[in-house]
Amino acid sequence: MTELDLYREVARIRALELLLNRYISEHGFGGFWHPGLGQEGIQAGAVAALRNDDYLFYAHRGLGYALAKGMSPVTLLADLFGKTGGSVGGKGGGTVHFVDPERGVLGQGGTVGSSFVLGAGAGISAQMLGTDRVVAIFFGDGSSARGTWHEAALTASVWKLPLVWVCENNGWAISVPIGEQSPTENIADRAAAYGVPGVIVDGQDTLAVQAAMTEAVARARAGEGPTLIEAKTLRVRGHFEGDKQSYREDVVDGLDVPRDPLKLLREQVPAEDADRLEVEAKAEAEAALEEVLAMPTGDASVITEGVWV
Amino acid sequence: MSPVTVESGEPLGYARAINAALMEEMRRDEKVWMLGQDVGKMGGVFGVTRGAFDEFGPGRVRDTTLNETFIVGAAVGAALTGTIPVAELQFADFMMIAGDEVFHKMAKWRYMHGGKLSVPMVLRLPTGVIGGVGAEHSQSLEALGMHFPGLKVVLPATPADAKGLLKTAIRDPNPVLYFEHKGMYRMKGPVPDDPDFLVPFGEAAIRREGGQMTVVATGLMVPRALEAAERLAADGIELEVIDPRTLVPLDMETIIASVEKTGRALVVHEAVRTAGPGAEIAARIQEAAFFALDAPVWRLGALDTPIPQSPDLEQLVIPSTDDIEAAARELLAL
């Protein structure tokens, strides 16, 4: 993906982040919104290296993963607000949950960290069916603590499953800093235990993320097994919007993003194109929100649908 | 009233019948595969998957490490993406190790995705007492499956059903918990060899007809209830023994029709009595057939204790043929 294409994606994700921040501050929100402000470059850069038919298990911080994979912002916001126009019709597994089988968007572990094993299974299907599809599994430094990670990493490495694990290390597992949860400085150091490459990349540098992901995807597609990418980033907002972050001394004031991935990428593209894309992104987000707020929520008839095939 | 279910075919052991179902379904559909600890060259700790590795190879018969979370979770992920896994846990008890994967992912991921995904998989769960394996390897946990909407729950009590229900489970587009009783692995019975022999879900089998009391029994309690019925028949007391075969879906129609005929019901299972499957069945009987009842609906289940390791003691915890006979006589006298 070209710098300009990537800029468009980062700008689109950013526009949704800022719009949601504003909407929630003005109107509140029935649920928990986990903002991904400042982490857009990882989501856009990593997904850019995937094919349309590659599988995606996203994490809970933001909408960028699925937006970059081609899902409509209308669908994503409808899922966020539990509207019938969303992909899961108000039945998802937490905020926010969406699905698009045509684009390989399969879900997130509503119980955080549970997609490690599910993603491994998708890799087994790809391997068995000979499709050369790759599975990208996003997670945070917090969920790297789960036993599911160990069980999946161990066997996926032995079986050379076509996986890429993308860790968005923002330094905080809700209220506990990484230094208090990990005996090693880097999550990527753990890759050595599983005999797979552990790659550290600057998560604010969208192009660097795309480059690392491209290499990992090629390795997975060639049947050489999984790669662990650790993208170093930071958490600009609270764990959820409204989190007062009393446990934290480095709270960022307002919506300023230190080492902003959008600004860093802007240096790589013509200014007039960047301006145009930002205007388009803002308009797209606002139109999507307007459309979604006018949608109905489901009536009781949908509750019992979809339990069984 | 439906006629008594009569099974036909060559005699085969319960474990061999499960094996036959697995082999036939893997031959029929190359998307079917299996995973679990020691299911490959060893053929499983109970020998149930013997021969599969040699015929289908390591790509479709996958030995895992000691990782129940992976076994079930990877099976779910594979089921979401176009293959049909049959996962084996060495003991049904171990599904609690993979609790999130069984009760959340298997059960709910179709629903949570607005019905856009499906989870066509089978989780094989060797269940029940087998003689001396203790409190963490002997439980009957099928009620858990009934408590999580989205799962189907199967408990074969004969070799024919072991085969026919497993084949149906593999062909079902929904996730199925398949509780195979490890104490019955060597039990022999007629098993059809038709590769399309399927036992439908939600159709109870009437194992013995009788007019004086309905006994609803599952798993190992089916042969024990039949033996008790045989003894009572010597005294001219006729029990009707119904084996639901699947708890989800549950064929209450057959049970209610029987209770309306007999006026009495005894529900027997190996699971602990408190909040066991019998609690649900008994409740539904009194809801639907209260005015047909001549006596309260009784439940007979395991004592509310963990299963002791001693093979002698464990048999004292679960209902015996004597217990069923005694309970039936007492209930009849009410």
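**Notebook: a predicted two-chain model**

I began with T246(B), which is buried at a relative accessible area of 1%; buried means under 20%, exposed over 50% and partly exposed in between, with a 1.4 Å probe and protein chains only. I note that this is a predicted model, in which local features need pLDDT of at least 70, side-chain atom pairs count only at pLDDT 80 or more, and totals for chains, interfaces and linings use all residues. Residues are numbered from 1 along each chain as its sequence is written, chains are lettered from A and ligands numbered from 1 in the order in which they are written, and side-chain values use heavy atoms, with hydrogens and water left out.

**Entry 1: T246(B)**

I located T246(B) in strand β12 (residues 246-248) of chain B; helices (H or I, at least four residues) and strands (E, at least two) are DSSP runs, numbered from the N terminus. Which residues does T246(B) contact, leaving aside its neighbours within four places in sequence? I found V153(B), V154(B), L165(B), F201(B) and G202(B), where contact means heavy atoms within 4.5 Å. A polar atom of the T246(B) side chain lies 2.9 Å from the backbone nitrogen of G202(B). The T246(B) side chain also reaches the backbone oxygen of P249(B), at 2.6 Å. I recorded 9.9 Å between the C-alpha atoms of T246(B) and L177(B), which are 69 residues apart along the chain.

**Entry 2: chain A overall**

I counted nine helices and eight strands in chain A. The radius of gyration of chain A is 19 Å, close to the 19 Å that the globule rule gives for 309 residues, so chain A is as compact as a globular protein of that length. For this value the radius is taken over C-alpha atoms, and the globule rule is 2.2 Å times the number of residues to the power 0.38. The C-alpha trace of chain A spans about 50 × 50 × 40 Å along its principal axes. Of the 309 residues in chain A, 57% are buried. Among the contacts in chain A with a separation of 6 or more, 75% join residues 24 or more positions apart.

**Entry 3: helix α4 of chain A**

I asked why helix α4 (residues 73-80) of chain A can be called largely enclosed by the rest of the structure. The reason is that eight of its eight residues are buried. The cover over the buried residues of α4(A) includes α1 (3-27), α3 (64-68) and α9 (271-293) of chain A. At the N-terminal end, S72(A) caps α4(A), with a side-chain oxygen 2.9 Å from the backbone nitrogen of V74(A). G82(A), with a positive phi near 70°, follows α4(A).

**Entry 4: two further buried positions in chain A**

E40(A) belongs to helix α2 (residues 40-47) of chain A, and I found E40(A) buried, with a relative accessible area of 0%. Not counting residues up to four places away in sequence, E40(A) touches V10(A), I13(A), R14(A), E17(A) and P261(A).

Q245(A) sits in the loop between β8 (227-232) and α8 (261-266) of chain A. Q245(A) counts as buried at 6% relative accessibility. Beyond its neighbours within four places in sequence, Q245(A) is in contact with R235(A), V236(A), R237(A), G238(A) and V251(A).

**Entry 5: salt bridges**

R266(A) and D275(A) form one at 2.5 Å, N to O. R266(A) is partly exposed at 27% relative accessibility, and D275(A) is partly exposed at 41%.

In chain B, E325(B) pairs with R329(B), the closest N and O atoms being 3.2 Å apart. These two residues are separated by about one helical turn, because they are four residues apart in helix α11 (residues 321-333) of chain B. E325(B) is buried at 15% relative accessibility, whereas R329(B) is partly exposed at 32%. I also noted a network of salt bridges linking E24(B), E25(B), R28(B), K163(B), K167(B), R171(B) and D196(B).

**Entry 6: the interface**

How many residues does each chain give to the contact? Chain B gives 42 residues and chain A gives 41 residues. The two chains bury about 3200 Å² between them, 67% of it on carbon and sulfur atoms; buried area is the accessible area (1.4 Å probe) that two parts lose on being put together, summed over both. In chain B, R62(B), F70(B) and Y111(B) lose the most area to chain A, together 22% of what that side buries.

Methods
Polar contact = N/O pair within 3.5 Å; in protein donor to acceptor, adjacent residues only side chain to side chain. Salt bridge = Lys/Arg side-chain N within 4 Å of Asp/Glu carboxyl O.
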